[in-house]
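Dear colleague,

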Amino acid sequence: MNHELYMNRCFSLAQQARGFTAPNPMVGAVLVYNQKIIGEGWHQQYGGNHAEVNCLNNVEKGDKHLIPESTLYVNLEPCAHHGNTPPCADRLVQEKIKHVVIANTDPFAQVNGRGVEILKQGGVAVTSGVLEKEGLWLNRRFFCFHTFNRPYIILKWAQTADGFIAPADRSRLQITGEYSQLLVHKWRTEEAAVMAGTTTAMNDNPQLTARLYDGRQPLRIITDRNLLIPDTHHLFDKKVPTWIVNALKEETTDNLEYVKLNYDEPFLEQLMERLYESRILSLIVEGGSALLNSFINVGLWDEARKFTGKVILNEGIPAPQLKNGDRVLNTFVEQDTLDIFVNNKSPFTYVRGMDF
């Protein structure tokens with residue numbers, strides 16, 4: 001059979017739940033009998049049924065007897081542990097499915113090959129590595145988190161046509177248009193956390209929410225070493241979970257959490273540890289220049305998304321300059337230009353045609 005055809009269908013199904021499955025991965029499953037799809041499903045939200053279960057449940061009653069003679073395609077190794085749901089590998093053995101085709105093995109310590117082992121011991125033939133690179137890209141946040149013990153990091157900024165991120169006096173300036181703003185809000189729903197620095201928070205008074213797009217709200221993270229940002233700013237409205245990363249106190253009140261770090265030690269290393277402990281799979285860093293450059297200077301980034309507007313300043317705060325970045329997309333968002341880069345030292349290679 002055409003394994004790649006059905007695996008691509010798994011990818012398409014999986015992406016329908018983008019932004020809703022974290023800290024779980026995005027997974028789709030397709031059941032095929034005699035080159036005909038008789039069932040399909042995907043993991044729709046964290047805590048709900050996994051893709052394999054939804055796929056089997058969606059097989060029509062008249063086709064249930066075909067399940068043992070069918071091939072199941074799933075882009076990630078079936079789970080082998082009891083979490084919010086029972087192990088999918090056990091369910092597939094119980095259904096006596098003859099063949100399972102997967103793109104990637106699961107890096108999660110409680111699975112990591114055990115799902116494949118259960119299938120094989122149960123008499124199920126297993127084919128692995130079908131569209132493996134595409135599968136890695138699809139779930140790059142999940143793989144990054146479990147491989148490197150840190151979130152997948154996306155840098156985002158807007159710059160003027162002459163290369164500035166803000167006026168010299170750091171006053172607020174809208175560089176991009178309405179559609180670019182809407183796209184940024186969509187991106188926020190897809191990531192676990194969004195972050196900005198002290199100066200950006202002080203001068204722009206941002207909300208850092210996805211209020212222009214329907215979806216989950218990310219964790220807001222602000223760096224404020226000496227707690228200088230006025231508590232009248234939007235970030236203190238307690239409408240969504242918010243971290244104030246500082247050097248003075250550790251305290252939690254409702255949705256507002258003060259996270260104390262030692263600013264005399266490597267800051268980003270400590271932050272990554274706290275994010276990992278909190279199961280934050282991805283982080284989008286939205287400015288300002290100093291914060292973005294701190295990630296760039298230590299090579300701690302996986303993807304960068306740069307908008308260039310039509311505004312010309314002639315002088316101002318220079319936009320960040322990426323190191324080790326390969327541009328993989330150049331397009332227009334209405335009147336703005338959007339460039340997307342990947343870190344060429346990252347193991348997650350962009351595959352042309354895959355979504356961001």
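Which side chain meets that of Asp 264 in a salt bridge? The partner is Arg 225, with 3.7 Å from N to O; a salt bridge here is a side-chain nitrogen of Lys or Arg within 4 Å of a carboxyl oxygen of Asp or Glu. Asp 264 lies in the loop between strand 12 (256-260) and helix 9 (267-277) and Arg 225 in the loop between strand 9 and strand 10, so the pair ties together parts that are 39 residues apart in sequence. Helices (H or I, at least four residues) and strands (E, at least two) are DSSP runs, numbered from the N terminus. Asp 264 is exposed at 67% relative accessibility, whereas Arg 225 is partly exposed at 38%. Buried means under 20% relative accessible area, exposed over 50%, and partly exposed in between (1.4 Å probe, protein chains only).

Please note that this is a predicted model, in which local features need pLDDT of at least 70 and side-chain atom pairs count only at pLDDT 80 or more, while totals for chains, interfaces and linings use all residues. Residues are numbered from 1 along each chain as its sequence is written, and side-chain values use heavy atoms, with hydrogens and water left out.

Further salt bridges

The structure holds 15 salt bridges. One of them joins Arg 220 to Asp 237, with the closest N and O atoms 2.8 Å apart. Since Arg 220 lies in strand 9 and Asp 237 in the loop between strand 9 and strand 10 (242-246), this pair ties together parts that are 17 residues apart in sequence. Arg 220 is buried, at 0% relative accessibility, and Asp 237 is partly exposed, at 28%.

Asp 339 and Arg 327 also meet through their side chains, at 3.2 Å from N to O. Here strand 17 (residues 336-343) holds Asp 339 and strand 16 (residues 325-333) holds Arg 327, so parts 12 residues apart in sequence are tied together. Asp 339 is buried, with 6% relative accessibility.

A network of salt bridges links Arg 140, Glu 303 and Arg 305. Two of these residues also lie over aromatic rings: Arg 140 over the face of Trp 137, at 3.8 Å from the ring centre, and Arg 305 over the face of Trp 187, at 4.5 Å. The criterion is NZ of Lys or CZ of Arg within 6 Å of the ring centre and within 35 degrees of the ring normal.

Aromatic pairs

There are 10 aromatic pairs in the structure. Rings of Phe, Tyr and Trp (its six-membered ring) pair if their centres lie within 6.5 Å; planes under 30 degrees apart count as stacked, over 60 as edge-to-face and the rest as tilted. Tyr 6 and Tyr 73 have ring centres 5.1 Å apart and planes at 40°, so the pair is tilted. Tyr 6 belongs to helix 1 (residues 3-14) and Tyr 73 to strand 3 (residues 71-76), so the pair ties together parts 67 residues apart in sequence. Both Tyr 6 and Tyr 73 are buried.

Tyr 350 and Phe 356 form a stacked pair, 4.7 Å centre to centre with 15° between the planes. Tyr 350 is buried at 15% relative accessibility, as is Phe 356 at 16%. Together with Trp 137, Tyr 350 and Phe 356 form one aromatic cluster.
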